[in-house]
Amino acid sequence: MEQQTCAWAMNHPLEREYHDLEWGIPVYDDTTLFEFITLEGAQAGLSWITILKKREGYRLAFEGYDLQMLSQQDQSRVEAIIEQFEVVRHRGKIASVFSNARAALELIDEYGSLSNALWQFVDHKPKVNHWHEMSQVPTSTDESKAMSKFLKKRGFKFVGETICYAFMQATGMVDDHLVGCPKKQNN
């Protein structure tokens, strides 16, 4: 079988690097998982390349995703972030990082880790799909709908079912690399 990288990753070198080094690789680290919750929420309505180009700005603006530090911030920090950092200038998305950090800490208290709370939606192991064309890849699933409902109930914002599915893809909870992609598990 001829190997071909997923088409979405072929438009820009940053997308290709992200595809080859991160997308679909299982992530269990709470800080990295929170980073992806933040980035996927920020991406809503925008292209992923826009977010990748601003990724370092997000890391700087949000203290390396230190949940304790972020949980102590509030709306008053939003304007400073808009003025000082290269991020999507959407006040609601920026403010959500602080409330999401507080909600994440509550999940950590309850589940022992953010990872345990989130990976439960795929029974704590990656779900490997076998799509042949991008048109077959869903934008949401029953699992992403359940995750969205779970997170919203616990106070998270910008975690709709499509955002949750993109998050699941990014963090390797699901492997949606196309059959034939060199990064596909069990190709």
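Axes here are lines fitted to C-alpha atoms, for helices over the stretch in contact, and angles run from 0 to 180 degrees between N-to-C directions. Helices (H or I, at least four residues) and strands (E, at least two) are DSSP runs, numbered from the N terminus. This is a predicted model, in which local features need pLDDT of at least 70, side-chain atom pairs count only at pLDDT 80 or more, and totals for chains, interfaces and linings use all residues. Residues are numbered from 1 along each chain as its sequence is written, and side-chain values use heavy atoms, with hydrogens and water left out.

Two packed helices are described by the angle between their axes and the distance between the axes.

**Helices H2 and H3**

- Helix H2 spans residues 30-43, and helix H3 spans residues 48-61.
- Their axes come within 10 Å and cross at roughly 135°.
- H2 and H3 are therefore oblique to each other. Angles under 35 degrees count as roughly parallel, over 145 as roughly antiparallel, 65 to 115 as roughly perpendicular and the rest as oblique.
- The crossing of H2 with H3 is right-handed. A crossing is right-handed if the near helix is turned clockwise from the far one by less than a right angle, and left-handed if anticlockwise.
- On the H2 side, the contact (heavy atoms within 4.5 Å) uses Glu-35, Phe-36, Thr-38, Leu-39, Glu-40, Ala-42 and Gln-43. On the H3 side are Trp-48, Ile-51, Arg-55, Tyr-58 and Arg-59.
- These residues divide into six nonpolar, two polar and four charged. Ala, Val, Leu, Ile, Met, Phe, Trp, Tyr, Cys and Pro count as nonpolar, Asp, Glu, Lys and Arg as charged, and the others, Gly among them, as polar.

**Helices H1 and H3**

- H1 and H3 pack at about 85°, with axes 9 Å apart.
- That angle makes H1 roughly perpendicular to H3.
- Leu-14, Glu-15 and Tyr-18 of H1 make the contact with Trp-48, Ile-49, Leu-52, Lys-53 and Arg-55 of H3.
- By class, this contact has five nonpolar, no polar and three charged residues.

**Arg-55**

- Arg-55 sits in helix H3.
- Its relative accessibility is 9%, so Arg-55 counts as buried. Buried means under 20% relative accessible area, exposed over 50%, partly exposed in between (1.4 Å probe, protein chains only).
- Leaving out residues up to four places away in sequence, Arg-55 touches Tyr-18, Glu-22, Glu-35, Phe-36 and Leu-39.
- Arg-55 and Glu-83 are 28 residues apart in sequence, and their C-alpha atoms are 16 Å apart in space.

**Helices H8 and H9**

- The axes of H8 and H9 come within 8 Å and cross at roughly 110°.
- These two helices are therefore roughly perpendicular to each other.
- Their crossing is right-handed.
- Glu-143, Ser-144, Lys-145, Met-147, Ser-148 and Leu-151 in H8 meet Glu-161, Cys-164, Tyr-165, Phe-167 and Met-168 in H9.
- By class, the contact of H8 with H9 has six nonpolar, two polar and three charged residues.

**How H9 is enclosed**

- The buried residues are Ile-163, Cys-164, Tyr-165, Ala-166, Phe-167, Met-168, Gln-169 and Ala-170.
- What covers them includes helix H1 (13-21), H2, helix H7 (114-119), helix H8 (142-153) and strand S2 (174-175).
- Gly-172 follows H9 and has a positive phi, near 75°.

**Aromatic rings**

- Rings of Phe, Tyr and Trp (its six-membered ring) pair if their centres lie within 6.5 Å; planes under 30 degrees apart count as stacked, over 60 as edge-to-face and the rest as tilted.
- By this rule there are eleven aromatic pairs.
- One of them is Phe-34 with Tyr-65, an edge-to-face pair with centres 6.4 Å apart and 65° between the planes.
- This pair links distant parts of the chain, 31 residues apart: Phe-34 lies in helix H2, and Tyr-65 lies in the loop between H3 and helix H4 (67-71).
- Both Phe-34 and Tyr-65 are buried.
- Trp-8, Tyr-18, Trp-23, Phe-36 and Trp-48 form one aromatic cluster.

**The loop between H3 and H4**

- Glu-63 lies in this loop. Its phi is positive, about 55°, although Glu-63 is not a glycine.
- Glu-63 is partly exposed, with a relative accessible area of 32%.
- Tyr-65 has a positive phi of about 65° and is not a glycine either.
- Tyr-65 is buried, with a relative accessible area of 2%.
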